[in-house]
Amino acid sequence: MSGASDLHALCNSRDLLDGGLAVSFDVMYAGQTCRAFAIRFRGAVHAYLNRCSHVAMEMDWQPNRFFDDSGRWLLCSTHGAAYDPATGACKGGPCRGGLVTIPLEEREGVVYWQAQYPFAPLAF
């Protein structure tokens, strides 16, 4: 388990339904503010930068919608790249590698994202 100061509450566990809408959030990634998203797939929570590996652009086709109609793949709305929700690995279409993973922890009904290099919370 990580140090408590490295964890940032993201949402309640019940906010992430299997194959459902994502919860979006902002992170600092390598010195830039980036959108990220958390999903639940087959009972486990996962988070990725909202950045297609084909072209660095946001993937959701509607706000917080990343899954295809089957609930099996994460899709880039622009070029159709398909990613494995459990690993972020490219599984089809025009991709160059996989999605950038952000560490998550889930405990006591809350999902947390972990700040560790190269991820940091936004500074205000």
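Which residue in E7 is the bridge partner of Tyr83? In this predicted model, the bridge partner of Tyr83 in E7 is Cys90, and the legends below begin with the sheet that contains strand E7.

**View 1. The open sheet of strands E5, E6 and E7.**
Three strands form an open sheet in the order E5-E6-E7, and their pairing is antiparallel. Strand E5 (74-75) and strand E7 (90-92) stand at the edges, each with a single partner strand, so one side of each is left without a neighbour in the sheet. Strand E6, which covers residues 82-83, is joined to E7 by 2 bridges, and these two strands run antiparallel.

**View 2. The disulfide between Cys90 and Cys95.**
Cys90, the bridge partner of Tyr83, also forms a disulfide with Cys95, and the sulfur atoms of the two residues are 1.8 Å apart. The angle about the S-S bond is 55 degrees, and the link of Cys90 and Cys95 is right-handed. Cys90 counts as partly exposed because its relative accessibility is 27%, whereas Cys95 is buried, with a relative accessible area of 18%. The count for the structure comes to 1 disulfide.

A disulfide requires two cysteine sulfur atoms within 2.5 Å. The sulfur of Cys76 has its closest cysteine sulfur in Cys52, at 3.7 Å, and this is too far for a bond. For Cys34 the closest cysteine sulfur is also in Cys52, but here the distance is 14 Å, which is again too far for a bond. Cys34 is buried, at 7% relative accessibility, and Cys76 is buried as well, with a relative accessible area of 2%.

Cys11 lies in strand E1, which spans residues 7-12, and counts as buried because its relative accessibility is 10%. When neighbours within four places in sequence are left aside, Cys11 is in contact with Leu16, Val23, Val110 and Val111. Gly92, by contrast, is 81 residues from Cys11 in sequence, and the two C-alpha atoms are 30 Å apart in space.

In soluble globular proteins, nonpolar side chains tend to be buried together. The largest nonpolar core here has 19 residues, of which Leu10, Phe25, Val27, Leu49, Ile102, Leu104 and Trp113 touch the most other members. At least two residues of this core are supplied by each of E1, strand E2 (23-29), strand E3 (32-41), strand E4 (44-49) and strand E9 (110-114), and the largest share, 4 residues, comes from E2. Apart from this core lies another, of 15 residues, which includes Ala22, Ile39, Leu74 and Cys76. Leu10 touches Val23, Phe25, Ala38, Leu104, Val111, Tyr112 and Trp113, if residues up to four places away in sequence are not counted.

**View 6**
The structure holds 5 aromatic pairs, and one of them is the tilted pair of Phe37 and Tyr48, with 6.0 Å from centre to centre and 50 degrees between the planes. This pair links distant parts of the chain, since Phe37 is in strand E3 and Tyr48 is in strand E4, 11 residues apart. Both Phe37 and Tyr48 are buried, and ring pairs link these two residues and Phe66 into a cluster. Elsewhere, Arg72 lies over the face of Trp73, at 4.1 Å from the ring centre, and Arg107 lies over the face of Tyr112, at 5.1 Å from the ring centre.

Methods:
Residues are numbered from 1 along each chain as its sequence is written. This is a predicted model: local features need pLDDT of at least 70, side-chain atom pairs count only at pLDDT 80 or more; totals for chains, interfaces and linings use all residues. Side-chain values use heavy atoms; hydrogens and water are left out. Buried means under 20% relative accessible area, exposed over 50%, partly exposed in between (1.4 Å probe, protein chains only). Contact means heavy atoms within 4.5 Å. Two strands pair if DSSP finds at least two bridges between them. A nonpolar core is a set of buried Ala, Val, Leu, Ile, Met, Phe, Trp, Tyr and Cys residues joined through side-chain atoms within 4.5 Å. Rings of Phe, Tyr and Trp (its six-membered ring) pair if their centres lie within 6.5 Å; planes under 30 degrees apart count as stacked, over 60 as edge-to-face and the rest as tilted. A charge sits over a ring if NZ of Lys or CZ of Arg is within 6 Å of the ring centre and within 35 degrees of the ring normal.
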